[in-house]
Amino acid sequence: MNNRFTSMLSGLIFASLSFNAATAHAQSDNFSTLQLAQVEQIKQQALQSDLAWNLVESLTTEVGPRMPGTPGDKAAVAWAVAKFKTMGFDKVWTEPATFPKWIRYSESAAIVSPAPQRLHITALGNSISTPKDGIQAQVIEFQTLAELENAPDNAAKGKIVFINYRMNRDRDGNGYGPAVQARSRGAVVAAQKGAVGYVMRSVSTAYHRFAHTGGSHYKDGVTKIVASAISNADADQLHRLVALGKPVTININVQAKSMGEGTSYNVIAEFTGKEFPEQHVLIGGHLDSWDLGTGALDDGAGVALTMAAAKLAVSKGQPKRSIRVVLFAAEEFGLWGAKAYVKANEQSLSNIVAAAESDFGADKIWAFDSNVHASSLPLVSDIAVMMKSLGVEFLAKNSARSGPDLIPFRKFNIPAFALSQDGSDYFDYHHTADDTLDKVDPKKLRQNVATYAVFAFMAANAKTRIMGK
């Protein structure tokens with residue numbers, strides 16, 4: 001008996017032993033008993049593999065911050081191409097994506113009176129600069145963006161608007177949407193009310209003293225004013241001073257620059273299917289990050305775990321359909337890589353049989369849901385059953401919204417999925433200098449890899465393809 005046959009036989013015996021009654025809904029119309037046994041074996045491999053950890057460690061250490069248009073962004077593209085090739089993907093390529101380039105140079109702030117002290121501040125993405133000595137003015141506080149919008153015209157004339165909205169904590173991150181409105185539009189509304197500057201409580205659930213950055217926008221015809229955020233601790237301090245009833249004056253100094261159009265690249269790699277190579281499962285994350293930390297949670301972990309999951313999903317042989325990993329460019333500046341991908345590949349988007357993005361940190365995946373045609377729900381249920389032993393709950397709502405880079409895909413009704421991570425503490429670190437590798441738990445990362453590997457293997461090897469709505 002030769003060594004290759006012995007190895008194959010041992011693998012099948014192991015898979016058969018692993019495939020126990022808990023997963024034997026087994027007379028599936030979509031998968032053979034052998035395939036379901038292989039899923040069990042892939043799960044065990046993933047739960048023992050440090051491939052994803054090694055990848056995110058390499059990305060955050062050897063490249064570091066990856067803000068679009070910076071040398072780190074360019075280095076990340078080269079890193080991803082090299083890693084995909086080393087991992088043995090059948091095809092590796094890049095596609096360009098343009099975006100509005102913005103660079104941060106420096107930022108500082110302080111309370112000038114009545115109690116002089118430093119504030120921990122960051123410029124919001126796309127902010128203009130202040131004069132070289134900063135701007136200095138009295139603060140006017142609002143609790144919400146809506147309160148500012150409803151204020152009288154010129155209510156903030158000559159002042160610096162401070163929005164003190166506190167984001168709530170939840171594992172599904174539902175507090176982010178309401179909080180981020182003030183980040184996106186706050187400077188515009190403040191300027192419309194006569195303000196000379198804008199500062200907000202960070203879009204954050206943290207207790208530490210790091211300010212959170214993120215994208216902001218201006219509006220044609222409205223005066224541009226500096227847009228910034230202070231740490232939650234500093235927001236509390238500023239609020240207490242304002243509450244004393246005495247005028248509070250602060251100085252904000254931001255030096256930044258918009259530099260026209262920049263170019264980065266989506267990095268794409270694929271294991272090619274043997275029966276329906278044009279049909280493909282699409283998984284991935286975004287390769288860029290903000291510049292304050294090293295982008296370990298946002299989105300180095302998502303990059304690493306989807307790369308590793310694809311590799312493990314083909315460990316039992318060439319899949320029936322292709323498995324494609326897309327590392328999107330310039331997500332932080334407004335989904336520019338995703339929009340470029342959709343434009344470049346519009347004619348083939350109908351070939352996507354399942355799509356999911358990992359962009360919510362590295363905590364355990366706790367829930368799974370779909371957004372597919374009703375005819376594909378039995379197949380989705382089969383996948384959910386095989387995830388159950390990983391601690392993943394099947395929501396069965398069939399209304400999944402998936403990750404942000406898949407937003408431009410929505411109008412094409414692709415089969416979309418949400419593999420939902422626990423985000424209870426994600427916004428403690430999101431977009432801050434504290435987004436570093438030590439926040440990634442290797443054990444939880446392995447569970448993510450196992451879940452994505454199950455998803456990719458089953459979607460790629462099902463008897464029939466998953467259909468979009």
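**Exercise 1. Determine how the span of helix α3 (residues 51–63) compares with the span expected at 1.5 Å a residue.**

*Solution.* Step 1: In this predicted model, helix α3 has 13 residues.

**Exercise 2. State which residues of α3 are buried, what covers them, and which phi Gly-64 takes just after the helix.**

*Solution.* Step 1: A residue is buried when its relative accessible area is under 20%. In α3, the buried residues are Ala-52, Trp-53, Leu-55, Val-56, Ser-58, Leu-59, Thr-60 and Val-63. Step 2: Their cover includes three helices, namely α4 (71–86), α8 (296–313) and α12 (442–461). Step 3: Just after α3, Gly-64 has a positive phi of about 85 degrees.

**Exercise 3. Classify the aromatic pair of Phe-328 and Tyr-341, and then the pair of Phe-368 and Phe-417.**

*Solution.* Step 1: Two quantities describe a pair of aromatic rings: the distance of the centres and the angle of the planes. The structure holds 15 aromatic pairs. Step 2: For Phe-328 and Tyr-341 the centres are 6.0 Å apart and the planes stand at 80 degrees, an edge-to-face pair. Phe-328 belongs to strand β10 (residues 321–328) and Tyr-341 to helix α9 (residues 336–344), so the pair ties together parts 13 residues apart in sequence. Both Phe-328 and Tyr-341 are buried. Step 3: For Phe-368 and Phe-417 the centres are 5.7 Å apart and the planes are at 10 degrees, so this pair is stacked. Phe-368 in strand β12 (residues 365–371) and Phe-417 in strand β14 (residues 416–421) are 49 residues apart, and their pair links distant parts of the chain. Step 4: Phe-368 counts as buried because its relative accessibility is 1%; Phe-417 counts as buried at 1% relative accessibility.

**Exercise 4. Identify the rings over which the charged ends of Arg-171 and Lys-339 sit.**

*Solution.* Step 1: The charged end of Arg-171 sits over the ring of Trp-366, at 3.4 Å from the ring centre. Step 2: For Lys-339 the ring is that of Trp-336, with 3.8 Å between the charged end and the ring centre.

**Exercise 5. Describe the surroundings of Ala-418 and decide whether this residue is buried or exposed.**

*Solution.* Step 1: Ala-418 lies in strand β14. Step 2: With a relative accessible area of 16%, Ala-418 is buried. Step 3: Leaving aside neighbours within four places in sequence, Ala-418 contacts Ala-367, Phe-368, Asp-369, Ala-400 and Ser-402.

Technical notes: Residues numbered from 1 in each chain as written. Predicted model: local features only at pLDDT ≥ 70, side-chain atom pairs only at ≥ 80, totals over all residues. Heavy atoms only, no water. Phe/Tyr/Trp six-rings, centres within 6.5 Å; stacked < 30°, edge-to-face > 60°. Helix = DSSP H or I, 4+ residues; strand = E, 2+ residues; numbered from the N terminus. Buried < 20%, exposed > 50% of the residue type's maximum accessible area, 1.4 Å probe, protein only. Lys NZ or Arg CZ within 6 Å of the ring centre and 35° of its normal. Expected span 1.5 Å × (residues − 1). Contact = heavy atoms within 4.5 Å.
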